[in-house]
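Hi there,

Here is the structure I promised to pass on, with my notes on it just below.

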Amino acid sequence: MTEPKYTIRRAEQRHMPDIYRLSRDFAKFQHLPEEMLIVTIKDLEDNLSSWFQCLVLEYKAADSDTVEVIGYALWTYTFDSSFGRVASLNDLYVTSGHRGCGGGLSLITHLTKICDQQGCVGLTWLVHRWNKQAITFYSKLNAINVSEIYEVQQMGLMEDDFDKLVNATPKVGLM
């Protein structure tokens, strides 16, 4: 009998329904309200490669020919005026039945290799304070809490507040 097999590959258009499904599972895991989940499969399809990059973790059971996407890493590239190119990991998710198999570590390891090839000097991400399992996982990688070290706090405009500023008239015009 053959062993179960895990594979990591770059996401393609055909993976978008699976990434959508997994992103919904991840959102539930993070306790995000349903009304906040506005991204569609079409949004994912339209923005792969132009706005985000993604790796998928596939699983093939020993007694099956079916390959199932059971995890993913979704990231973007940013540029920091102090540090240069930095990758921002938006999602790293492996389904609960496959955690502990090395898939998450393999995803983030492949991701750092890709980011290095793209000239990035680092990889950043957010993690919920309550997610002790993730914090322990990242700590084992020697990840640092940049918000404490650099004394920063991440801010953002979302939904109505974002729209309010979009519709505001700036005092200084854009040429």
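The largest nonpolar core has 20 residues, and those touching the most other members are Trp75, Leu89, Leu92, Leu107 and Leu111. By nonpolar core I mean a set of buried Ala, Val, Leu, Ile, Met, Phe, Trp, Tyr and Cys residues joined through side-chain atoms within 4.5 Å. Buried stands for under 20% relative accessible area, exposed for over 50%, and partly exposed for anything in between, with a 1.4 Å probe and protein chains only. Two or more residues of this core come from each of strand S2 (53-60), strand S3 (67-80), strand S4 (84-94), helix H3 (103-117) and helix H4 (132-140). H3 is the top contributor, giving five residues. (Helices, H or I with at least four residues, and strands, E with at least two, are DSSP runs numbered from the N terminus.) Apart from this core there is another one of 14 residues, including Met16, Val69, Tyr72 and Leu74. In soluble globular proteins, nonpolar side chains tend to be buried together.

Before going on, a word on where the values come from. This is a predicted model, so local features need pLDDT of at least 70 and side-chain atom pairs count only at pLDDT 80 or more, while totals for chains, interfaces and linings use all residues. Residues are numbered from 1 along each chain as its sequence is written, and side-chain values use heavy atoms, with hydrogens and water left out.

Which residues does Leu92 touch, not counting those up to four places away in sequence? They are Phe26, Tyr72, Ala73, Gly104, Leu107, Ile108, Phe137 and Tyr138, where a contact means heavy atoms within 4.5 Å.

Now for the rings. The structure holds six aromatic pairs; to pair, rings of Phe, Tyr and Trp (its six-membered ring) must have centres within 6.5 Å, and planes under 30 degrees apart count as stacked, over 60 as edge-to-face and the rest as tilted. Phe26 and Tyr93 make a tilted pair, because their ring centres are 5.2 Å apart and their planes stand at 35°. This pair links distant parts of the chain, with Phe26 in helix H1 (residues 16-29) and Tyr93 in strand S4, 67 residues apart. Phe26 and Tyr93 are both buried. Elsewhere, one aromatic cluster is formed by Trp125, Phe137 and Tyr138. There is also a charge over a ring: Arg99 lies over the face of Phe29, at 5.1 Å from the ring centre. For that label, NZ of Lys or CZ of Arg has to be within 6 Å of the ring centre and within 35 degrees of the ring normal.

Asn131 sits in the loop between strand S5 (123-125) and H4, and it counts as buried because its relative accessibility is 11%. A polar atom of the Asn131 side chain lies 3.1 Å from the backbone nitrogen of Ala134. Thr95, in the loop between S4 and H3, is buried too, at 15% relative accessibility. Leaving aside neighbours within four places in sequence, Thr95 is in contact with Leu22 and Ile70.

Ser49 has a positive phi, near 80°, although it is not a glycine. Ser49 belongs to the loop between helix H2 (41-47) and S2 and counts as exposed, at 52% relative accessibility. Asn142, likewise a residue other than glycine, has a positive phi near 70°. The loop between H4 and helix H5 (146-149) holds Asn142, which is exposed at 67% relative accessibility.

Is Met36 buried, exposed or partly exposed? With 40% relative accessibility, Met36 counts as partly exposed; its place is the loop between H1 and H2.

Finally, the overall picture. The protein has six helices and five strands, in the order β-α-α-β-β-β-α-β-α-α-α from the N terminus on. Its C-alpha atoms fill a box of roughly 70 × 35 × 35 Å along the principal axes. Of the 175 residues, 30% are buried. Among contacts with a separation of 6 or more, 59% are between residues 24 or more positions apart.

Best wishes

Key:
A polar contact is a pair of N or O atoms within 3.5 Å; within protein, one must be able to donate a hydrogen and the other to accept it, and residues adjacent in sequence count only if both atoms are side-chain atoms.
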